[in-house]
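Hi everyone, thanks for coming. I'd like to walk you through a few spots in one structure, so please have the sequence and the 3D view open.

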Amino acid sequence: MGKTIIVSNRLPLRVEKGSKGKLNFIPSEGGLATGLGSVYKGGGNVWVGWPGVYFNKEEKRRLTEERLAEENMKPVFLSKQQIELYYEGFSNSTLWPNFHYFNQYAIYKRTLWEAFVEVNQKFCEVVLEMAKPGDKIWVHDYQLFLLPGMIRAKLPDISIGFFLHIPFPSHEVFRLIPWRKELLNGVLGADLIGFHTYDDMRHFLSAVSRLAFLSNQNGRINVGNRVLEVDAFPMGIDYNKYAEKAASTEVIKNEVEYRTSLGDQKFVLSVDRLDYSKGIPNRLVSFELFLQKYPEFRGKVSLILLVVPSRDQVDTYRELKEEIDLLVGRINGQFSMMKWTPIHYFYRSLPFDKLSAMYRMADVALVTPMRDGMNLVCKEFVASKLDKTGVLILSEMAGASKELSDAILINPNNKHRMADALKEALEMSVEQQQSHMETMQATIKRYNVHHWVDLFLGRLDQVKAAQKEMDTKNADHQVLAAIEEVYNKANSRILFLDYDGTLVGFKSMPELAAPDKKLKTLLEKLAAVKNNRVVIISGRDHETLESWFGDLDIELIAEHGVWMKRKDAEWKLLRQLNLDWKDKIRPILESYVDKTPGSFIEEKHYSIVWHYRKVETGFGELRAREIMSHLKFFAESENLIVLEGNKVLEIKNSEVNKGKAAELWLEDDEYGFVLAVGDDWTDEDTFKAMPRDSYTIKVGPEVSDARYRVNSYKEVRKLLEKLT
Ligand code: GDG
């Protein structure tokens, strides 16, 4: 088994320059550091990241590197300018605002982008120094969005996971970034891409489909020959760490100290990094409104506002700090009394045991971000509530709100609602508080950070295993050589070939997909080989097949087996089918064409097809699902089947399918060589009907009963070329 390499912008520790040239290594207590502790500290595993200092001297770098190696860490040294342009610049002034829907703060500058590429490349070089085939690499967050693709280019088979800790915006917002395609192509180098919520995942998949033109099936995307998966993995906290800390003597001592000095009153707690996405000004204004609207709470409730300094080199953050300072000043100036201060404001980071005491002491946690990938503060508050009292007010815009529906959920733009929620929380009965808290604790305990790590890494292994299994199905040189050998030895042979997607690529209009000259020559040559039978087995109507292939010495099966034409014979109907259902289905489909621009109906003798290839992405799929459910019961009672093809829905009699038609040909003779090739799921019937030792080949990445797989119709043509 290979090792695991974790990569993130920062290492789970801070290196500081101490006095007399001494270096101090201060471990981080962050959620990610604890969660991944069990991973990177083990065996030959390693964590790669920026150590948080600049060194000009080689000597200092070497010392740091040696010291970090003892802790299974590997530093990526960056210059001051690189941090300015890549970290404060592209990461925090382009991606962060865009991804949090603060587009007015986003800066789109080429120099920042170039630094972003350069630093991702630098991370890639450090990873490549250590990575070996068979290793697992887990890349974290938006600062390293390009890294998966860069590693993939050098190590095509290595296992790469990527997790985004912040939201992924709607494609309408994401597409504003000039380098949107490069960003997507970068992250698509991963095998597994994880988000906190289903909405983030949905937004990402829609961006991939509209901007990179790659569709997905239930989150599986096919990039070239590789299938990668996208899913939601809501991150948790180290539950026991918070619960145990809250029970410790030093924390209880801290709480007693706070309460003694603050007197008998209730507390509302607010904890964030300094960031405009956290909605701190809105929160303050709502607290002000609360004191105005409900004066009975004045003197009885204080807000403890803890803001942790962050990114204060960036202008927008400096301005935000000033805004908060002003608001706190204004509110305290207006409402303060000799024995009561409305807001206790701390602009600094507190040690864990003090933070834990605040979580213990608070009656209400007011967590109201404008947008937040997950938000761990609210989970930490819940885990610290040992007696299960306390109320959480949580913004709908935090990823955590998807899991914590027992909180009082609010929209952070609705200040009146926030003020009312405060009143509601402060007046909630103890029984009610405990009942909500119990439910939330059970959730947070179960989906803790260790669970999250195991789930993600386990899934990455599964994706890799599935890829390997698919690889074994790939019709590589050896398989093709074997097919050729059996073909050459056989005295009689039959080849069932689907048409669209198998012998030609897809076109915007079905009638544009006429066979090219090369294909016709190829089929002609193939049919001319002694003892060969070449059968085109298609869903197309028989007139079209006749007009395209009538002049060739090949056999034809049309409309999934309704019509058939054998060598030197006329077209023959499988049998007379009842077609009364068509008059009922047609108007229904017409009504969908009316409300779906770009869609159209194709009428065949024994089926009706609704095409949506030219309909807006997503909209066509939605309508297709609507039609499916609209026709569900009708289809059953009329003995019809609704087939989902590539951007088409086809409705036909259920007794007809390609497999049943192919069986008629198989009954004609004992063949020494049988081949069936097809790309969509109507071809699965053909595959299933084939004798055991036949060669069945699926074109495309979807799951199939076929023995082998190729990527495109071009490879099918190459194979047939060989057989001539
Ligand atoms: C990003 C995403 C996502 C805060 N003040 C102090 C302190 N903290 C700790 C908290 C908590 C952490 O900082 C903040 O985490 P959040 O999740 O709330 O927010 P971000 O920093 O923005 O994190 C976020 C997260 O990544 C994980 O994927 O949830 O949505 O934006 O753990 O406890 N810790 C100490 N003193 C403080 O004063 N010791």
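Let me start with a question: which residues does glutamine 82 touch, not counting residues up to four places away in sequence? Before I answer, please keep in mind that this is a predicted model. The contacts of glutamine 82 are Phe77, Tyr87, Glu118, Val119 and Lys122. Glutamine 82 sits in helix H3, which covers residues 80-99. With a relative accessible area of 13%, glutamine 82 falls under the 20% cut-off and is therefore buried.

Now please turn to helix H4, residues 110-130, and its neighbour H5, residues 147-154. Their axes come within 9 Å and cross at roughly 45°. That angle makes H4 and H5 oblique to each other, and the crossing in which H4 passes H5 is right-handed. Who meets whom here? On the H4 side you'll find Val117, Asn120, Gln121, Phe123, Cys124, Val127 and Leu128, and on the H5 side Leu147, Met150, Ile151 and Lys154. Sorted by class, this contact of H4 with H5 has eight nonpolar, two polar and one charged residues.

For another helix pair, go to H11, residues 280-293, and H12, residues 315-335. Here too the axes come within 9 Å, and they cross at roughly 10°. Angles under 35 degrees count as roughly parallel, so that is the description for H11 and H12. H11 brings Ile280, Pro281, Leu284, Val285, Glu288, Leu291 and Gln292 to the contact, while H12 contributes residues including Leu320, Ile324, Arg330 and Phe335. The contact of H11 with H12 divides into 11 nonpolar, two polar and three charged residues.

On to some strands. Strand E6, residues 136-140, runs parallel to E7, and five bridges join the two. If you'd like a landmark, isoleucine 137 stands opposite isoleucine 160 in E7. Is E7 itself buried or exposed? Five of the five residues of E7, 159-163, are buried, so this strand is largely enclosed by the rest of the structure. In a regular strand, side chains alternate between the two faces of the sheet. In E7, Ser159, Gly161 and Phe163 point one way, and Ile160 and Phe162 the other way; all are buried.

Next, a loop residue. Alanine 475 lies between helix H17 (449-473) and helix H18 (477-489). Its relative accessible area is 11%, and alanine 475 is buried. Leaving out residues up to four places away in sequence, alanine 475 touches Leu480, Tyr708, Arg709 and Val710. Alanine 475 and asparagine 711 are 236 residues apart in sequence, yet 9.2 Å apart in space, C-alpha to C-alpha.

Last stop: an open sheet of four strands, in the order E23-E24-E26-E25, with antiparallel pairing. Which strands are at the edges? They are E23 (600-603) and E25 (640-644), each pairing on one side only. From one strand to the next, the twist averages 20°. E23 and E24 (residues 607-611) share four bridges in the antiparallel sense, and glutamate 603 has isoleucine 608 of E24 as its bridge partner.

Two helices lie across these strands. Helix H21, residues 581-594, lies across E23, E24, E25 and E26 and runs at about 5° to E24. Helix H22, residues 619-638, lies across E24, E25 and E26, at about 160° to E25.

Note on methods
Residues are numbered from 1 along each chain as its sequence is written. This is a predicted model: local features need pLDDT of at least 70, side-chain atom pairs count only at pLDDT 80 or more; totals for chains, interfaces and linings use all residues. Side-chain values use heavy atoms; hydrogens and water are left out. Two strands pair if DSSP finds at least two bridges between them. Axes are lines fitted to C-alpha atoms, for helices over the stretch in contact, and angles run from 0 to 180 degrees between N-to-C directions. Contact means heavy atoms within 4.5 Å. Angles under 35 degrees count as roughly parallel, over 145 as roughly antiparallel, 65 to 115 as roughly perpendicular and the rest as oblique. A crossing is left-handed if the near helix is turned anticlockwise from the far one by less than a right angle, and right-handed if clockwise. Ala, Val, Leu, Ile, Met, Phe, Trp, Tyr, Cys and Pro count as nonpolar, Asp, Glu, Lys and Arg as charged, and the others, Gly among them, as polar. Buried means under 20% relative accessible area, exposed over 50%, partly exposed in between (1.4 Å probe, protein chains only).
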